[in-house]
Amino acid sequence: MPKTSPIRSVLKPRDGAVSELTAISLFSGGMGLDLGFEQAGFEIRAVVEHDRAAVETIEKNRPTIPVMKVGNRPTSIEDVCTADLLTAAGLAVGEVTAVIGAPPCEPYSTAGRRNGKQDHRADAVMQFIRIIREAKPHYFVMEEVDSFLSAPKKHLGFYERIARDKDDITDDERLGSFFDEVMDAFAATGYHLTFDPKYPKSSVLNAADFGVPQRRKRFILIGAREAPAVPLPKPTCKKPLTLKQGLRGLVDGQPEFRPFPESWGKYISQVPEGGCWRDLPDDLHKVVLGGAYDDPTNPATYGKKGGRTGFMRRLSWNLPSPTLTDSPITKGSCLCHPDEDRPLSVKEYAKLQGFPAKWEFCGSVAARYRLIGQATPVELARAVATSIRNHALKLPS
């Protein structure tokens, strides 16, 4: 195995100039995390991504970046040989500045099925750790949904969980059991981590604090091969940007979107700006909520279903957007335009995530929504990348 190089030799040449900062991107998706790193001065050297629409998007916008493939088919991370990945990046073991990635979040997301470790996609996190161990980058960055902190090894439905006695919850069903296992695996790599187990929520950043017109909380983990640990970026925005500010300057003459389903979309015109299903006539509540209706005749569930403010939600111009999801037309996480009876368009989605106006997304409308909704906001990614860059440049020469 090649000897790992000291980071100062990569970042601080003898003449004092900063040499190239390199990154390998895993689970690249629409490249929101990658763009933030590029804006901070990093060069993305290689990509691992198997989603067809994502790969087409990467090749459309960054045709010179190699995408790992078997034959002509993009490969998933479990089939990637780290030596081949480094060769594609033109780097040796220990030379890459950062390995970055946002493993699939559906197993943990409140907008997904939340199957915890039972979902095979949770294995992606362990594959991420494998690449880190084998590539030995100077740094790594992993982004996840904030609910990752409470991910169990075995999923237990909300109502079943609250119905059980605490002593009847198994160790695998305990909230956070999978998260603890993952963090133990990260700690075993020997990297210096940003994470403080005494204050786990301190690793959760809100994109709205970094100039993103969107309330979007994400767990950020940074590892550094050489001490000390990288400090998480501090907020750069004292007052969150509103939806109106976030969409200012967007040219979208023919908005492209998927229409709301007729079953409940026909009622959206009755919801005012900033409102939701609660603003509909009382006799429509049960109709539009369906299984989420808080039936007062059912004492087992009544009063335990929360506000459900995402149902039939119409956005407000004067507030940040809620978290963009994979799709703005699902009933439970509806993202209706403030003035028009339609969801946010594809271009509006991309603008709120910080993508450049010239960035082209490929695939169907549904696929483009998904790529954008799953992406790391570019401004947040740039803040994280800048923290790593600053940390590297402050190391003793």
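A residue is called buried when its relative accessible area is under 20%. By that cut-off, Phe 355 is buried, and Phe 361 is buried as well. Both belong to a predicted model, and the results below describe that model.

The chain contains 13 helices and nine strands. Of its 397 residues, 53% are buried. Among contacts with a separation of 6 or more, 69% join residues 24 or more positions apart.

Strand E1 covers residues 21-26. Six of its six residues are buried, so the strand is largely enclosed by the rest of the structure. Its side chains point in two directions. Leu 21, Ala 23 and Ser 25 face one way, while Thr 22, Ile 24 and Leu 26 face the other.

E1 pairs with two strands described here. With E2 (residues 42-48), the pairing is parallel and runs over six bridges. Within E2, Ala 46 stands opposite Ile 24. With E5 (residues 98-101), the pairing is also parallel, over four bridges. Here Ser 25 has Ile 100 as its bridge partner.

The relative accessible area of Phe 27 is 17%, so Phe 27 is buried. The other is Met 31, in the loop between E1 and H2. Phi of Met 31 is near 80°, again positive in a residue other than glycine. Met 31 has 1% relative accessibility and therefore counts as buried.

Helix H3 spans residues 52-61, and its buried residues are Ala 53, Ala 54, Val 55, Thr 57, Ile 58 and Asn 61. The cover over these buried residues includes E2, strand E4 (73-74) and helix H12 (365-374).

Nonpolar side chains tend to be buried together in soluble globular proteins. In this model, the largest nonpolar core has 57 residues. Phe 37, Phe 42, Ile 222, Phe 355 and Ile 388 have the most contacts inside this core. Helix H13 (residues 378-393) supplies the largest share, eight residues. A second, separate core has 40 residues, among them Ala 46, Phe 128, Ile 129 and Ile 132.

Leaving out residues up to four places away in sequence, Ile 222 touches Phe 140, Val 141, His 192, Leu 193, Thr 194, Val 230, Leu 232, Val 384 and Ile 388.

Elsewhere, Phe 128, Phe 140, Phe 186 and Tyr 191 form one aromatic cluster.

Gln 214 sits in the loop between strand E8 (204-206) and strand E9 (217-224). Its relative accessibility is 0%, so Gln 214 counts as buried. The side chain of Gln 214 reaches the backbone oxygen of Leu 352 at 3.5 Å. Beyond its neighbours within four places in sequence, Gln 214 is in contact with Asn 206, Ala 207, Ala 208, Pro 320, Ser 321, Pro 322, Thr 323, Leu 324, Leu 352 and Gln 353.

The peptide bond from Ala 227 to Pro 228 is cis, with omega near 0°. Pro 228 lies in the loop between E9 and helix H8 (243-246).

Conventions: Residues are numbered from 1 along each chain as its sequence is written. This is a predicted model: local features need pLDDT of at least 70, side-chain atom pairs count only at pLDDT 80 or more; totals for chains, interfaces and linings use all residues. Side-chain values use heavy atoms; hydrogens and water are left out. Buried means under 20% relative accessible area, exposed over 50%, partly exposed in between (1.4 Å probe, protein chains only). Two strands pair if DSSP finds at least two bridges between them. A nonpolar core is a set of buried Ala, Val, Leu, Ile, Met, Phe, Trp, Tyr and Cys residues joined through side-chain atoms within 4.5 Å. Contact means heavy atoms within 4.5 Å. Rings of Phe, Tyr and Trp (its six-membered ring) pair if their centres lie within 6.5 Å; planes under 30 degrees apart count as stacked, over 60 as edge-to-face and the rest as tilted. A polar contact is a pair of N or O atoms within 3.5 Å; within protein, one must be able to donate a hydrogen and the other to accept it, and residues adjacent in sequence count only if both atoms are side-chain atoms.
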